[in-house]
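User: Hi! I have a model open and would like to walk through it with you. Could you help me get my bearings?

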Amino acid sequence: MTKKIAPHRFPLLPLRGTLVFPHMVTPFEVGRARSIQAVEQALMGDRRIVLAAQHQAAVDEPQPSDIYTIGTLCEIKQILKMPEGQLRILVEGLERVIVHDLADREGYYEATISVPEVDFEEERRDHEVMALVRSVHEHFQEYVRLSKKIPGEVVGAIKAITDPGRLADTVIGQLNVELEEKQQVLEIFSPFARLERVLGVLYRELEIVSLEKTIQQRVRKQMDKAQREYYLREQMRAIQKELGEGDDRASEAEELRQKLNKAKLPKEARAKVLHEIKRLEKMPPMAAESGVIRTYVDWMISLPWSKRTPERLDLAEAERILERDHYGLKQVKERILEFLAVRKLAKNLKAPILCFVGPPGVGKTSLASSIAEALGRKFTRLSLGGVRDEAEIRGHRRTYIGALPGKIIQAMKNVGTKNPVILLDEVDKLGADFRGDPSSALLEVLDPEQNDKFGDHYVDVPFDLSEVLFITTANVLYSIPAPLRDRMEVIEIPGYTDDEKLQIAKGHLWPKQLQNHGLSAEQVRISDNTILKIISEYTREAGVRNLERMLGTICRKVAAEVVRGSTKPVRVTVNNLSKFLGTPRYRHTEAEQEDRVGVANGLAYTQLGGEIMPIEVTVVPGKGKVTLTGKLGEVMRESAQAALSYLRSRAEDWGIDPEFHEKCDIHMHIPEGAVPKDGPSAGITIAVALASALTDRPVRHDLSMTGEITLRGRILPIGGVKEKLLAAHRAGIDTVLLPEENARDLQDVPENILRSLQIELVEHMDEVITRALLPKVESDDSQAPKLPFLPQSELPAETWVGDQQ
């Protein structure tokens, strides 16, 4: 049964994180616009307002569903306006109410409420109520005694309350419990049931407070024990000092001093370590910094300040090791032997900083290991790919938790000598971000004039790196910062030729794969022609990594046959190679088999080696439009424009209509349009193809060319001569036109290639056109094209790996 209070509609103020019970006088601040409007509306009436809690305190603009339906009807006793527009009000709880409906007025909520009637005749007998009230009083006083958080005047006021409902509301309001639990008590309308619920909460809170007090006492006892032990330990230290006896810390310090004497540190480093040992000796064992100091001293003592590895200065032995491990690489081997020779004559020679630059798979990393063995030094490798933090090179300062030296000092500790060979791999892939620039930190490491006093942030004293032989590797030079590149002696390692790959496969890769797969040379044999076919049709690389994988694939398939019980020796030939490796994956561009108009053979150089590059030009009637296709780069497009301008300037000399640029459209195309192409070396080839198309004179199909052209027709030198000549030889070209200034590069070309090719050096475009273009002839379509391959009967005889040459 419920009754209505007239008037039955009141403004409602949602509460966040708090509750107001009946008979409680509570101050709180009001800051939300909707809440301020509700207070002002109540002040305009009889100063009564409904207070109800929100389900979630984080909701700034609660909806009716976000507000509990049981609240408290309150009267506003005082109000104070704050400077920032907020209100501070003092309210007194009057009655529990049920919120039946919430209406959204202009800026506030208005609630329709009812107050439940409780039939006291149905309540328990008086002595039961008195027992419950007395029990609540006793337990609340015990709670106050243990928690010591409730003022004494509040305790006295509660002690005077005998009404069970009011006592329950007052006690629950003073307990430190969750809002949801207080709301559950607010929703109990029976005073007796409400008081029973509060007594249960009191029981639980008493257990929690008692447990907290026990934990506090235990912690306090432990702290007292630690302080007592520290005091006794200090007393014991003083007594031992008076008796002349040492403790464990003193013996530890003495042990560190003995290690320091054996390490033979420089004067500055020794003084630094002695200072730290004295600090450690005076420091309490429980001090957090003692572990940091001990770690630092251990690092300093373990570094190779004066320990060296005896060098092998025998040039013959060093040359034997280098030749054993690597085929070719003449320039690198000569540089190492020169260093050894000078080292033998001048003992104080500073080690060079070498940088091996070349495509992947040519043996840069393994070469560094062979150099260390040839010199008789210890070897370690540091991978710099993706390193972005300067502290990786210079280390962290000891103020940071878990600080360590940089990679250079760590490498020196690992090898344990002052003169190792350290390989800094992938130096071209260093990064930089907000943590610093590692390449800048390497400037000191790789400078022979500075690295004798290298400063690591953790070590904090200069460390001598001048006797270290640093070798860096990179795939490209342009990504290495110029100051760092200037400090290194760059040695370019080009890609291997097919003949070099064949020798590497026969002398290194094939025996290694046989051993790795448990096979013998009698069980499986492979011919030279087969290896050459693998190189040309199953791999496309400058190095030999994929070649080694292909040889490993063959060995795996043979091993599987052996395990199945086959005892017959396996011969891998050109004809059965697809059985082991499948269909060929690559093909090399073939030269034209007949003289054609508008088609000239150029030569290109990539990281994978040289390639022949046909350039096609077609001239059709038009208005002078020039179209360039084949995914050409900006430099190649400029070369085409230069070639076209040169021909326009010499049109009459070559029998070309001087106004062809107004009457014809020109389309130049380079096949394999998906592959990007750039560079100036195709300039003379473009000019020859244009001249052929404009004069209708065919270009020699057995001739290829390379060179940069100027507007005056001069031919400038280009790069990659060795690789381009190898590509011409592979494509069946007889004659190659090279710039005159590239004559010095022919000494790097193998003798067999030079003998098989007719190399003509040219200085001007006039010479190129004269030698490349044939007289104009009538086309003969009936002539059958030549076959691009030899008949099977004319193939050279097989030569088998392992046979006597």
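User: Let's start with β7. Which residue stands opposite Glu110 in β7?
Analyst: That is Pro11, which stands opposite Glu110. β2 and β7 pair in the antiparallel sense over four bridges. Strands here are DSSP runs of E with at least two residues, helices are runs of H or I with at least four, and both are numbered from the N terminus. Two strands pair if DSSP finds at least two bridges between them.

User: Before I go on, what kind of model is this and how are things counted?
Analyst: This is a predicted model, where local features need pLDDT of at least 70, side-chain atom pairs count only at pLDDT 80 or more, and totals for chains, interfaces and linings use all residues. Residues are numbered from 1 along each chain as its sequence is written, and side-chain values use heavy atoms, with hydrogens and water left out.

User: Thanks. How does β6 pair with β7?
Analyst: β6 and β7 also run antiparallel, over six bridges. In that pairing, Asp104 has Tyr109 of β7 as its bridge partner. The hairpin has four residues between the strands, and Gly107 there takes a positive phi near 95°.

User: And is β7 mostly covered or open?
Analyst: Mostly covered: eight of its eight residues are buried. Buried means under 20% relative accessible area, exposed means over 50%, and partly exposed is in between, with a 1.4 Å probe and protein chains only. Tyr109, Ala111, Ile113 and Val115 point one way, Glu110, Thr112, Ser114 and Pro116 point the other way, and all are buried.

User: Switching to α1. How far does it reach?
Analyst: Helix α1 covers residues 33-44, which is 12 residues, and spans 17 Å from its first C-alpha to its last. That is close to the 16 Å expected at 1.5 Å a residue, where the expected span is 1.5 Å times one less than the number of residues.

User: Which residues of α1 are buried?
Analyst: Ser35, Ile36, Ala38, Val39 and Ala42 are buried. They sit on the same side of α1 because they cover an arc of only 160° around the axis, the arc being that of the directions from the helix axis to the C-beta atoms. On the other side, Ala33 and Met44 are exposed.

User: What covers the buried ones?
Analyst: The cover includes β2 (9-15), β3 (25-30), β4 (48-53), β5 (70-81) and β6 (87-104). Contact means heavy atoms within 4.5 Å.

User: What is Ile371 in contact with?
Analyst: Apart from neighbours within four places in sequence, Ile371 contacts Leu322, Val332, Ile336, Phe356, Leu469 and Ile471.

User: Last one: which residue other than glycine has a positive phi?
Analyst: One of them is Glu426, with phi near 55°. Glu426 lies in the loop between β10 (421-425) and α15 (438-445) and is partly exposed at 24% relative accessibility. Lys631 also has a positive phi near 55°. Lys631 sits in the loop between β20 (626-629) and α21 (634-649), partly exposed at 48%.
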